[in-house]
Amino acid sequence: MKKVFSTPISMLLLVVLFFALVLLNNQIFRSARFDLTEDKVYSLSDGSKEIINGIDEPVHLYFFFSDKTSEGLTSLRNYANRVESLLKEYANASDGKIQLHLVDPEPFSEAEDQASEFGLTAAMMPGTEESIYFGLAGRNSLDDQQVIGFFDPQKERFLEYDISQLIYLLSEPEPLKVGLLSGISVTGGQNPMTGQFDPPWHFYAQLQELYDVETLPAEFDKVPEDVGVLLLIHPQDLSEKTLYAIDQFVMAGGKLLTFVDPHHESDPMAAMSGMASANTSSLSRLFDAWGIRMEPEQVVLDAAKGLDIRTQKGVTKHVGFIGLDKAYLDENDVITSSLDMINGASFGSLELAEGSQLEMHPLLHSSEYSTHTNAMVYAMTRDPDQLMDQMTSTEGEMVLGARFQGNAKSAFDKALAGNEQGGMDYIAEANINVVVIADTDVLADRFWVSQANFFGQTVFTPFADNGALLTNAVENMAGSDSLISIRSRGTYARPFTKVQELTAVAEMKFMDQEKILEQQLNETEAELSKLQSQQMESGALTLSKEQEEAIKEFNEKRIEIRKELREVRHQLDKDIESLGSRLKFLNIALMPILLVLMLAFVMRSLRTRYKS
């Protein structure tokens, strides 16, 4: 075949073609992206896109990252790259509504002053002499500001949620109002047992510090329009018009957070009356229609997660007082992901009713060693040991708190006569958002916070996360449906898990050998110390020939054992390093090599076919 171009000209044309393709790619396919990661960590969810589409006025985002100061902090810089990449996705998807500014706040610069004005906090990282900024500030056209003080890598799974929430708060700057209807005196009042005035429950005081809380009357025909989240605690004997008002509030897209209980045992009135019956609350009329099932007469007992309490007999396990650690909380939901412990008493269990169109996302669940008992029997039983005796069998894990979302029908066939909801049309069916916690005792101070008097001031110290559970739920429910729909995402980091597994196996293998050698070393040193002490006790200035031989032998043995220990540790590190190198080679280099060989084979085959 006759060559058209000489080799130098061909090379020059290839270089020109390369740069032309790069230029073409940058101009035409600049916005085209393919996210091939398993959890789509570089892509925005539908909820985030809906929030972006709802922006009316421009929003400015300022991403502060100490780029120069963080040199050498590889993992932090990788995470910063991911944050920056995701922020660019927001800006690209906003059609100009989001203006992203990348700022490197070098020490003593105007950019650092700007970061301080936004209230961002710089953190001192190990291995650095300067503090590092790694946060986000946002500002809308009304000069309202929202900030993420520092992007914690531990919260990587909720990175998209945190950014979307910041943008949502800037696009919807109205303050949140919480409507509270409670069947318990959580706002404080006269204690019927002592005659003294009790302060508000601590969760209520905490809620007032964060939100505008409006206490609703026991009976109402409409939830106030400016209420963003309706909080129902221990609802009992609600009238038809109040139930209708709640039903239509939820049907109209209102967010409901409710705590119901088969037996509330933190009520002083119930305690004074001797708890002759279960102190039950329920929203069965609404739950049954919506597709939520909770047996109001059934209390959950848990043999594995029962709390230890002090009685006249001493410390004993109370299977009705349940302590849920992190393993029993949903780590993928923003409400419970950051919590470590939830305490409560006489929980009920939740599930979907037959034919329900809702989706149930469990937030809290019991252990597999759980069962039900009658709420009346539970209320009448004083001895925790008797409750334990009732656990003759187990029924498996039970859902104690959950988020319910999806399509639901109204509990009312038509508008309630005389209750027109201020002119609003009756809604028979809609998508709803409801969070139900099947216990009200979780809100009682004694289950999550201790009090102490400090120079005349009452100081509250939480020992469980019950208060955070409530505030997290309110904060999450206060967002739009789009924000609530954003779940945790996968993590960017993809460690060599196989290397980690093999490392653990290798360490276990060598650990036994190391223990044997250390024991021999300890015994040798003990014998050596014994010989030396015998010499001091005898007062002899010189050692006998046998003693010198023994000390010499022990010293040599000690040196030999230490040498073997060093060799064991060195061999372990060497094996782990070798193993890691081999696996990294297989993951990083082998595939490109195979690809090149495959292309060479294809070219050779084509060339052979062309010649023939």
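**The largest pocket**

Modeller: The largest pocket holds about 790 Å³ of space. A pocket here is an open set of points on a 1 Å grid over the protein atoms alone, where a 1.4 Å probe fits, with protein on both sides within 12 Å along at least five of seven lines; lining residues have an atom within 4 Å of a point. The model is predicted, so local features need pLDDT of at least 70 and side-chain atom pairs pLDDT 80 or more, while totals for chains, interfaces and linings use all residues. Residues are numbered from 1 along each chain, and side-chain values use heavy atoms, without hydrogens and water.

The lining comprises 34 residues, and those closest to the centre of the pocket are Glu174, Pro175, Leu176, Gly228 and Ala478. Three elements each contribute two or more lining residues: α5 (159-171), α7 (240-251) and α12 (466-478). Of these, α5 gives the most, with three residues.

For orientation elsewhere in the model, three strands form an open antiparallel sheet in the order β15-β16-β17. Because β15 (306-311) and β17 (341-345) stand at the edges with a single partner strand each, one side of each is left without a neighbour in the sheet. Strand β16 (residues 314-325) runs antiparallel to β17, and five bridges join the two. Within that pairing, Leu324 has Ile342 of β17 as its bridge partner. Strands pair if DSSP finds at least two bridges between them; helices (H or I, at least four residues) and strands (E, at least two) are DSSP runs.

Methods: Points joined across faces, edges and corners; volume = space filled by probe spheres on them.
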